[in-house]
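User: Please take a close look at the strand hairpins in this model, and walk me through them in one connected account.

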Amino acid sequence: MQTENHRGRILREHFGIVAEPGQYIIALAGNPNVGKSTVFNALTGLRQHTGNWPGKTVDNAQGSFTYSNKPFLLVDLPGTYSILAHSVEEQVARDFICFGQPDATLIVLDATCLERNLNLALQVMEITPNVIVCVNLMDEAKKKHIIIDIPALEKELGVPVVATAARKNEGLGTLRETLYQVSTGVRQCSPRQLVYSPAVEMAVEQLVPTIQRLIDHKLNPRWVALRLLDGDTAFIESIKRHLDLQFKNALQEVATV
């Protein structure tokens with residue numbers, strides 16, 4: 001586990017985020033127009049501020065809340081359909097989930113078009129197991145006579161799924177409790193992993209041991225292997241920058257001991 005001091009440096013220097021000691025970090029992700037901002041506002045109220053991500057012209061919104069005497073910082077990532085980094089927004093979302101190592105990632109889905117939204121959820125679940133899926137706009141789904149079996153969806157995904165209608169303040173109590181359980185480690189998740197073609201799976205199996213030695217526990221080696229097979233040069237550069245920063249901060253910590 002990286003120390004609180006080390007993690008604070010990563011968040012501050014790489015992402016411009018200053019967290020309070022002991023504060024749990026939650027990444028908030030979702031497609032555009034799924035009610036993500038409504039969820040953000042409902043959870044954080046007026047305890048929020050905005051700026052830009054370092055070196056980017058993309059908004060960075062952060063908000064805090066307390067639940068069960070534990071402090072939380074909610075980081076609202078840019079709305080995006082994917083985190084395979086074809087745009088600045090996608091790159092920001094991907095890098096924070098990968099390198100910011102939030103205690104949990106909350107993915108907001110639109111209950112009226114789950115199939116399209118689940119693509120992002122499945123991508124995030126390949127990076128981190130600490131995922132909560134929020135099926136929002138349940139009130140709109142009801143108007144359209146759409147019925148969603150939340151327990152079945154939760155079983156299929158292997159992560160907690162919470163139904164909400166954030167603008168009506170419905171389901172938010174359950175959402176806070178679930179965020180608390182996953183962030184603090186009370187509830188463990190086993191997200192469903194996508195299985196690719198035999199050729200891809202064989203290549204991943206060959207790459208993972210070497211990747212594991214190079215990056216230690218800092219990233220999911222299977223996900224890194226898949227991105228290398230994609231030939232994602234931008235991601236490779238992001239890994240290099242992050243590992244360089246990790247190494248620099250580790251040296252600084254040793255020097256202060």
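Analyst: Happy to! Strands here are DSSP runs of E with at least two residues, helices are runs of H or I with at least four, and both are numbered from the N terminus; two strands pair if DSSP finds at least two bridges between them. This is a predicted model, in which local features need pLDDT of at least 70 and side-chain atom pairs count only at pLDDT 80 or more, while totals for chains, interfaces and linings use all residues. Residues are numbered from 1 along each chain as its sequence is written, and side-chain values use heavy atoms, without hydrogens and water.

Let's begin with E2, residues 48–52, which runs antiparallel to E3, residues 59–67, with five bridges between them. One of the bridge pairs joins Gln 48 to Gly 63 in E3. Six residues separate the two strands of this hairpin, and Gly 55 has a positive phi near 75°.

E3 also pairs with E4, residues 70–76, again in the antiparallel sense, and here there are seven bridges. Tyr 67 faces Lys 70 of E4 across this pairing. The E3 and E4 hairpin has two residues between its strands, and Ser 68 in the turn takes a positive phi of about 50°.
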